[in-house]
Amino acid sequence: MADAPKLVFGPFATPARGVLVVFCDDGLKFGPATRKMLGATADLVHRAAKTERFTGRSGSSLDLIHPEALKVARLTVVGLGKASEVAERDFVKLGGAAMGKVPAVAAEATIVAELATGAMDSEQAADLAQGAQLRAYAFERYKTKRKDDEKSPAKRTVTIAVGDPAGARRAYAAREAVNGGVLMARNLVNEPANILYPKEFARRAAAVKKAGLAVEVLDIKAMKKLGMNALLGVGQGSAHESRVVVMRWSGGRRGDAPVAFIGKGVCFDTGGISIKPASSMEDMKGDMAGAACVVGLMQALAARKAKVNAVGLIGIVENMPDGNAQRPGDIVQSMSGQTIEIINTDAEGRLVLADVIWYAARRFKPKFMVDLATLTGAIIVALGQEYAGMFANDDELAARLTKAGEKTGEKVWRMPLAPEYDKMIDSKFADMKNTGGSRWGGAITAAQFIKRFVDDDIPWAHLDIAGTGFDSRQNDVNRSWASGWGVRLLDRLVADFYER
Ligand code: BES
Ligand code: MN
Ligand code: ZN
């Protein structure tokens, strides 16, 4: 398997080899350093642009193979669009798009971080590099056969040419830490369920210890003692034991209440006795994307030494049909004491979250809680794959998440919670049932269910990431099945609002 390319920053004057990527505006105008680099080739670019009708429109590009006067194998000019709108561009996405122009078979590439008006500042250049690194990720662990034209060189280097290499490097450090978390999450989600079962997931999550986090793993015995019967019921039909992992990062003031992140970690969701149809069931190896995001986020916060106290908790189970599996009609008592009638064993994520959220609130008394879960197909029907569904009991937290979403491109759309929906999950036999009975408003009744395990005085948001966690429309910053969605969003939420 080819390693991810190494990313380095260098000055504009570094001679480019391999693939050279430069930017121009919609007037085909280059910045001064780029012009210098291109020399006589600028004229060739203009002629080629005319032939190819390349105008520098945002999203378009022009390729020149072996331009004679340059020592590069290929020159790609990426259009930035209207000069007046360039400053508002998302430079992370731009970096992803630029990296998309570098074929995997190229050993060397240079991306010139310059606009038509001059060098990108260090923040913009660091964003560009962040996007390039995210874009370069590929999950190829299980590919043993490659055709000759698909083989990547063992070592690949991408140089980001900038005005101020030291400044860009400084600005990039935190982003590199966050990317590490995103890629960790993607790796977990892409991994198949025969490899990544709950114990193995717990083991990999525990690796964040190296970054300075405190990690505890609760086994079945510990969970039984705590009364986590809602979670345990989901896992009881699996040959693999369930786990809960608690990760703590203490970068804030001693004694400050932590912020809490909770993730659904269903390593595989067959539906259980209410078994799913075969079509696309393989996607359910990704039903732990919420938990993967929490692990990646905790890793990111520690790696960039965030000045915050944060806890991450994940409930890891496998939902299987089996002689010992939970049945529809079964009644379980959750850790909160509330009883739940199981109507559909495929509505398992909320059962896992019920106990982990309850436990997180009791044990840590957090400032706020955000849970992430690939919870319902209904949220995909409602929002597609561009926005995650957000449910919140607190307007301020909701507004902050919305803002962080706009900044990172990991967008959330607020959905309603209301007592009228809550009635749909009342049960004849127990305190509640685990589905609303009807498919209508399925994402909302799921959120209402979780809300019954949240104290009203703790600000809480639930993110239904069934549409965004995996198999989302491949975009500029991701080409793999798993997206790692939420790591950048929540890191930004913490950075903008909760770090002292
Ligand atoms: N993990 C699924 C939801 C899901 C579906 C995630 C597609 C990603 C892609 C969840 O556990 C589930 O099965 N939900 C059911 C709930 C229903 C039984 C009330 C659903 O959405 O159909
Ligand atoms: Mn399910
Ligand atoms: Zn599920």
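**A tour of the manganese and zinc sites**

Select D287 and E348 to begin: D287 is buried, and E348 is buried too (buried means under 20% relative accessible area, exposed over 50%, partly exposed in between, with a 1.4 Å probe and protein chains only). The model is predicted: local features need pLDDT of at least 70, side-chain atom pairs count only at pLDDT 80 or more, and totals for chains, interfaces and linings use all residues. Residues are numbered from 1 along each chain as its sequence is written, chains are lettered from A and ligands numbered from 1 in the order in which they are written, and side-chain values use heavy atoms, with hydrogens and water left out.

**Stop 1: zinc**

Now select the zinc ion (ligand 3). Its protein donors are K264 (NZ), D269 (OD), D287 (OD) and E348 (OE), at 2.0 to 2.4 Å. Donors are N, O and S atoms within 2.8 Å of the metal (3.2 Å for Na, K and Ca); water is not among the atoms, so sites may look incomplete.

Check the geometry. The zinc site has 6 donor atoms, with angles of 78 to 174°, and is octahedral. Four donors count as tetrahedral if all angles lie between 85 and 135 degrees; four count as square planar and six as octahedral if opposite donors are over 155 degrees apart and all others between 65 and 115; anything else is irregular.

Trace the zinc donors along the chain: the spacing is K-x4-D-x17-D-x60-E. D287 sits in the loop between β11 and α9 (289-303), and E348 in the loop between β14 and α10, so this pair ties together parts 61 residues apart in sequence. Helices (H or I, at least four residues) and strands (E, at least two) are DSSP runs, numbered from the N terminus.

**Stop 2: the bridge**

Pick D269. D269 bridges the zinc ion (ligand 3) and the manganese ion (ligand 2), which lie 3.1 Å apart. At 2% relative accessibility, D269 is buried.

**Stop 3: manganese**

Move to the manganese ion (ligand 2). D269 (OD), D346 (O), D346 (OD) and E348 (OE) are its protein donors, 2.1 to 2.2 Å away. Which angles do the 6 donor atoms subtend? They run from 71 to 167°, which makes the arrangement irregular.

D269 lies in strand β11 (residues 259-269) and D346 in the loop between β14 (339-341) and α10 (349-364), so the two tie together parts 77 residues apart in sequence. D346 is partly exposed, at 23% relative accessibility.

**Stop 4: helix α10**

Finish on α10. Of its 16 residues, 14 are buried. Just after α10, select K365: its phi is positive, about 40°.
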